[in-house]
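Subject: Structure for your review

Dear colleague,

Please find below the structure that I am handing over to you. I would be grateful if you kept it open while reading the notes that come after it.

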Amino acid sequence: MDLHLTGKRALVTGASSGLGEAIAKAMAAEGADVVVHGRDRARAEAVAAAVRAAGGTAGTAIGDLTTDAGADATAEAALAGGPVDILVNNAGVYPSRTWDEATADDWRDLYETNVISVVRMIKRLLPAMRGRGWGRFIQIGGGLALQPGADLPDYNASLAARHNLTVSLARELKGSGITSNTVAPGAILVDTAQRHFTGLAAARGWGETWEEIERKVAEEVVPNDIGRMGRPEEIAAAVLYLSGPLADYVTGTTLRVDGGTVLGVH
Ligand SMILES: NC(=O)c1ccc[n+]([C@@H]2O[C@H](COP(=O)([O-])OP(=O)(O)OC[C@H]3O[C@@H](n4cnc5c(N)ncnc54)[C@H](OP(=O)(O)O)[C@@H]3O)[C@@H](O)[C@H]2O)c1
């Protein structure tokens, strides 16, 4: 199926690793011109080089999105290569903290990183997108926005804010040709998540090999109907669909890709 992404330019924030890297690579494989963003220039350049080696088109934009200067630098670098049709707001962090551990400052800092950074990038790219009459804002949210547990309370709330601002933005963009949607992953196997769960494995008796640990994670931490963690490519596939004109009639929605981790009707 042709997703009609050839000729589109996409900025993927936090594409120097994990989900963002998979999204950038998948977009490029479908013909989009991608801008790989990260704070770490070497990692971002390595991803862009891999895209080009596979026959795709990619540049980089570097900046810490928790600052206006970093967001300015990112937007300027992205726009220097041409207009941005698709912004995937993926950059973010998920420090492992309990209610007792997370201080008020932690909550504030995480909101800055996971929410205000998203707003910074939307504000920088929206005016030109409006002028062109077509565009995409895709926020990476998560199942913990809809079904939070006791742990990571500050992170859960930051994801909920992403889901909420996505819908508000869709309403704001009424009739503009620009859509705003959320992709909500369950627990996805990226290096950061694998390190996190491997760190917990010994204390919880989850076994030694990653296969044993993942099985336990799927049973105890993120029980779901498929019986495993998700893969980055499975998130990228949802982003690809929402990015193209086949999804022109989809806005303000949350596309869950979580193996059925989130229960109930959302
Ligand atoms: N993996 C999951 O199971 C899962 C599930 C639900 C939602 N998510 C969401 O998916 C997104 C990506 O997560 P991931 O698992 O792929 O993690 P990851 O591999 O650790 O990637 C995080 C990315 O965000 C970038 N980043 C972090 N802080 C930044 C900042 N202040 N300014 C600019 N860039 C920043 C990092 O850039 P550097 O390389 O420069 O540090 C990196 O590219 C996050 O927003 C996360 O909340 C993940």
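This is a predicted model: local features need pLDDT of at least 70, side-chain atom pairs count only at pLDDT 80 or more; totals for chains, interfaces and linings use all residues.

The ligand

The shell around the ligand consists of 31 residues, and the closest of them are Ser16, Arg43, Asn90, Tyr94 and Tyr155. Sorted by class, this shell holds 12 nonpolar, 14 polar and five charged residues. Several polar contacts can be followed in the viewer. The side chain of Arg162 places an N or O atom 3.0 Å from an oxygen atom of the ligand. Backbone atoms take part as well: a polar backbone atom of Gly14 is 3.1 Å from a ligand oxygen, and a backbone N or O atom of Gly92 lies 3.4 Å from an oxygen atom of the ligand. How much of the ligand does the protein bury? Taken alone, the ligand exposes 900 Å², and the protein buries 92% of that area. The elements that contribute two or more residues to the shell are α1 (18-29), β2 (33-38) and α5 (153-172).

Leaving aside residues up to four places away in sequence, Ser180 touches several residues, including Phe137, Leu169, Ala170 and Leu173. With the same exclusion, the residues that Asn181 touches include Ile138, Leu242 and Val250.

Helix α7

Helix α7 covers residues 210-221, and its buried residues are Trp210, Ile213, Glu214, Val217 and Ala218. Why do these residues lie on the same side of α7? They do so because they cover an arc of only 135 degrees around the axis.

Ala77 in helix α3

Ala77 is found in helix α3, residues 68-80. With a relative accessible area of 35%, Ala77 is partly exposed. Not counting residues up to four places away in sequence, Ala77 touches Thr60 and Ala61. Ala77 and Glu211 are 134 residues apart in sequence, and their C-alpha atoms are 41 Å apart in space.

Two positive phi angles

Finally, two residues other than glycine have a positive phi. For His4 the angle is near 60 degrees, and for Leu152 it is near 50 degrees. His4 sits in the segment before β1 (9-12), whereas Leu152 is in the loop between β5 (135-140) and α5. His4 is partly exposed, with a relative accessible area of 41%. Leu152, by contrast, is buried, with a relative accessible area of 15%.

Yours sincerely

Notes
Residues are numbered from 1 along each chain as its sequence is written. Side-chain values use heavy atoms; hydrogens and water are left out. Buried means under 20% relative accessible area, exposed over 50%, partly exposed in between (1.4 Å probe, protein chains only). Helices (H or I, at least four residues) and strands (E, at least two) are DSSP runs, numbered from the N terminus. The arc is that of the directions from the helix axis to the C-beta atoms. A residue is near a molecule or strand if one of its heavy atoms lies within 4 Å of it. A polar contact is a pair of N or O atoms within 3.5 Å; within protein, one must be able to donate a hydrogen and the other to accept it, and residues adjacent in sequence count only if both atoms are side-chain atoms. Accessible areas come from the Shrake-Rupley method with a 1.4 Å probe; for residues, only the protein chains shown count as cover. Ala, Val, Leu, Ile, Met, Phe, Trp, Tyr, Cys and Pro count as nonpolar, Asp, Glu, Lys and Arg as charged, and the others, Gly among them, as polar. Contact means heavy atoms within 4.5 Å.
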